[in-house]
Amino acid sequence: MITVREVTKRFKDIKAVDCVSFNVKKGEAVALLGANGAGKSTLIKCILGLLSFEGEITLNGLNVEKNSKEAKSLIGYVPQEPVFYDMRALDILEFFGAIRGVDMGRIEEIVNLVGLREHILKQSSALSGGMKQRLSFAIALISNPPILVLDEPTSNLDAHARAEFLKLIRELKLQGKTVLFSSHRLDEVEFLADRVVVMKSGKVVMESKPNVLAETLGLKVRMYIKVPVPWIETATDILKREGFDAVTLNENTLLLEVTSREKTIPLKKLLFAEIPVEDLGIEEPSMERIMQEVQGDGI
Amino acid sequence: MEFKNVLLIMQKEVREALKNRWFIIYTVCFSILALLLLFFSYSREEILGVSGFGRTAASLINLVLLFVPLVSLVTGAISISNERENGTLFYLLSHPVERSEVFTGKFLGLLVSIWVSICLGFGLSGIVVGIKGGSLGASKYLLTTLLSLLLAASLLSIGFIVSVLSKKAAKSIGISVFLWLFFLVFSDLGIMGTTIVMDLGIKSVFVLALLNPTEVFKIAAVLNMSPRFEVLGPVGVYALRSFGRDGTFYLLFSAMILWTVIPIVIGFLAFTLLKKE
């Protein structure tokens with residue numbers, strides 16, 4: 001559905017996007033994950049045909065530069081910070097609806113879908129951030145396009161609005177829409193994406209499924225193992241002997257870091273040595289740790 | 001280019017302009033000043049329109065020269081740069097519209113808005129003169145209106161080039177105000193200075209005058225108003241002898257059309273070829 005092939009975008013001597021290639025299949029949701037300045041928004045602008053670039057981007061076989069208009073008609077786009085003409089929300093919807101050739105019936109339908117009915121007669125400048133986002137989402141969906149391109153779509157939303165918004169996008173994805181979205185929130189990525197494309201300094205540095213992203217990045221889970229006080233030293237020695245970097249946290253708790261696949265091994269070793277395990281806590285790599293890894297020099 | 005999209009964007013521009021506070025202030029000021037000039041232009045003896053439309057049009061020329069270039073240049077200059085700066089242009093272009101449609105729609109929309117404003121000023125004065133019984137020079141009055149509309153179109157076109165090439169609205173406003181001063185003040189001084197220093201002939205001075213759209217308007221408007229060409233000085237006499245009265249007028253009229261067409265084509269090409277969003 002979306003094919004990005006060796007795309008490079010230069011601003012003078014700086015490569016904002018550096019030879020990026022990936023595909024998004026029909027009905028798939030792909031997240032562009034990366035820090036600010038990683039090149040996500042620039043790449044989205046290239047996909048929308050708003051910037052000239054080297055390489056090729058096609059949407060459903062249509063080249064976004066050569067068949068810009070036809071390609072753009074396949075996309076519903078939600079920007080990071082929606083900006084509208086100073087008109088009523090209804091007038092804005094009618095304007096973009098007319099550009100996309102839809103009738104009033106569809107406008108009413110979409111207004112109800114995104115929950116904009118009560119605010120439809122307000123000037124766009126009087127809408128809250130959340131309502132503006134709903135309006136931009138309504139515009140994106142107005143012609144029922146097969147592809148949704150979302151540039152950090154929840155950055156201006158509160159927790160409740162964000163949850164609703166993500167739910168709606170997931171429903172649309174389940175209905176068969178192809179979704180490409182940029183984000184730097186791992187929870188959103190895990191909730192929506194089938195695949196994650198990690199970008200750093202304009203390059204794609206990794207592609208992964210969201211649930212194994214931490215592992216792919218080489219991040220370890222933390223295990224907190226509680227044993228009876230008399231056994232703490234023995235347990236530490238056994239685990240160290242087995243190659244685990246176990247640390248005694250207090251009189252009865254051990255801390256060790258293992259890969260996701262190794263989680264059961266320390267337990268097996270302790271049980272084999274007949275050391276009773278009283279409690280177990282597992283801490284998956286936090287979003288902060290993953291983002292630090294993505295942003296830092298780790299990859 | 002799809003006409004439907006051009007029309008939609010054009011309608012949006014007109015609607016926005018007619019709601020724009022500054023545009024309303026400009027239209028009201030222009031109309032009031034046009035009416036005031038009308039009353040001042042009549043002496044007590046001529047109050048019933050002895051010179052009618054002709055005198056009114058002559059008074060309006062100075063008003064047009066002051067107001068129309070400034071408003072047209074600034075309106076054109078912020079048309080695209082302002083939208084580029086606040087992100088609405090980027091958002092509009094993310095929809096299935098071509099850059100050529102956006103440019104054409106915006107230009108036509110703003111042109112219609114400025115023309116409505118000018119026609120309102122000229123129209124109100126025309127109605128008052130008509131009611132008072134002045135009918136002499138109606139055609140001259142209409143021609144002055146037409147020249148004013150052309151002047152607006154040419155300066156709006158120049159403003160659009162500034163807008164396409166500027167990323168910031170503030171910068172484009174600054175450039176447009178400088179251009180306004182240049183066309184109205186520095187250009188005259190420049191022609192005079194160059195003529196003296198380089199000892200230019202009358203023909204060269206006439207050609208130099210054609211390089212300034214406000215100058216072209218001024219000459220064409222005065223030529224339209226006065227049966228005596230000598231009011232334009234030696235250059236006027238030269239033009240009269242070289243091209244005749246009608247020939248000179250057609251030349252000036254063509255120059256004004258070129259001053260509209262050439263800048264708008266440059267602006268159009270720059271906007272459609274340079275993707276600055």
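1. In this predicted model, the buried residues of helix 3 of chain A pack against elements of both chains: helix 4 (104-114) and helix 5 of chain A, and helix 1 (3-19) and helix 4 (88-93) of chain B. The helix is largely enclosed by the rest of the structure, because nine of its eleven residues are buried. The buried residues are A:Ala89, A:Leu90, A:Asp91, A:Ile92, A:Leu93, A:Phe95, A:Phe96, A:Gly97 and A:Ile99. After helix 3 of chain A comes A:Gly101, which has a positive phi near 70 degrees.

2. The interface between the chains may be considered next. Chain A contributes 27 residues that are in contact with 25 residues of chain B. About 2500 Å² is buried between chain A and chain B, and carbon and sulfur atoms account for 64% of this area.

3. Three salt bridges are counted between chain A and chain B. One of the side-chain pairs that meet in a salt bridge is B:Arg15 with A:Asp91, at 3.8 Å from N to O. A:Asp91 is also listed among the buried residues of helix 3 of chain A.

4. Which elements give two or more residues to the side of chain A that touches chain B? They are helix 2 (68-72), helix 3 (89-99) and helix 5 (129-141) of chain A. Helix 3 of chain A gives the most, with five residues. Sorted by class, the side of chain A that touches chain B comprises 14 nonpolar, six polar and seven charged residues.

5. Helix 5 of chain A also holds A:Gln133. Is A:Gln133 buried or exposed? A:Gln133 counts as buried, because its relative accessibility is 0%. Beyond its neighbours within four places in sequence, A:Gln133 is in contact with A:Val78, A:Pro79, A:Gln80, A:Pro82, A:Glu152, A:Pro153, A:Thr154, A:Leu157 and A:Phe165.

6. A:Asn36 is exposed, with a relative accessible area of 64%, and is found in the loop between strand 3 (29-33) and helix 1 (40-47) of chain A. Not counting residues up to four places away in sequence, A:Asn36 touches A:Glu152 and A:His184; A:Glu152 is also among the residues in contact with A:Gln133. A:Asn36 and A:Lys200 are 164 residues apart in sequence, with their C-alpha atoms 9.2 Å apart in space.

7. In chain B, B:Ser79 lies in helix 3 (residues 52-86). B:Ser79 counts as buried because its relative accessibility is 6%. Its side chain reaches the backbone oxygen of B:Gly76 at 2.6 Å. Leaving out residues up to four places away in sequence, B:Ser79 touches B:Lys106, B:Leu110, B:Phe160 and B:Ser163. For B:Ser79 and B:Ile131, the separation is 52 residues in sequence and 38 Å in space, C-alpha to C-alpha.

8. The domain organisation of chain A is a separate matter. The assignment gives domain 1 (2-216) and domain 2 (221-292) of chain A, and the C-alpha centres of these domains lie 43 Å apart. Nine residues of domain 1 of chain A are in contact with six residues of domain 2 of chain A. The two domains bury about 620 Å² between them, with 78% of the area on carbon and sulfur atoms. Of the area that domain 1 of chain A buries against domain 2 of chain A, 65% is supplied by A:Leu186, A:Ala214 and A:Glu215, more than by any other three residues.

9. Helix 7 (186-192) and helix 8 (213-216) of chain A each supply at least two residues of the side of domain 1 of chain A that touches domain 2 of chain A. The largest share, three residues, comes from helix 8 of chain A. By class, that side of domain 1 of chain A has four nonpolar, two polar and three charged residues.

Note on methods. Residues are numbered from 1 along each chain as its sequence is written. Chains are lettered from A and ligands numbered from 1 in the order in which they are written. This is a predicted model: local features need pLDDT of at least 70, side-chain atom pairs count only at pLDDT 80 or more; totals for chains, interfaces and linings use all residues. Side-chain values use heavy atoms; hydrogens and water are left out. Domain bounds come from an automatic or database domain assignment. Contact means heavy atoms within 4.5 Å. Buried area is the accessible area (1.4 Å probe) that two parts lose on being put together, summed over both. Helices (H or I, at least four residues) and strands (E, at least two) are DSSP runs, numbered from the N terminus. Ala, Val, Leu, Ile, Met, Phe, Trp, Tyr, Cys and Pro count as nonpolar, Asp, Glu, Lys and Arg as charged, and the others, Gly among them, as polar. A salt bridge is a side-chain nitrogen of Lys or Arg within 4 Å of a carboxyl oxygen of Asp or Glu. Buried means under 20% relative accessible area, exposed over 50%, partly exposed in between (1.4 Å probe, protein chains only). A polar contact is a pair of N or O atoms within 3.5 Å; within protein, one must be able to donate a hydrogen and the other to accept it, and residues adjacent in sequence count only if both atoms are side-chain atoms.
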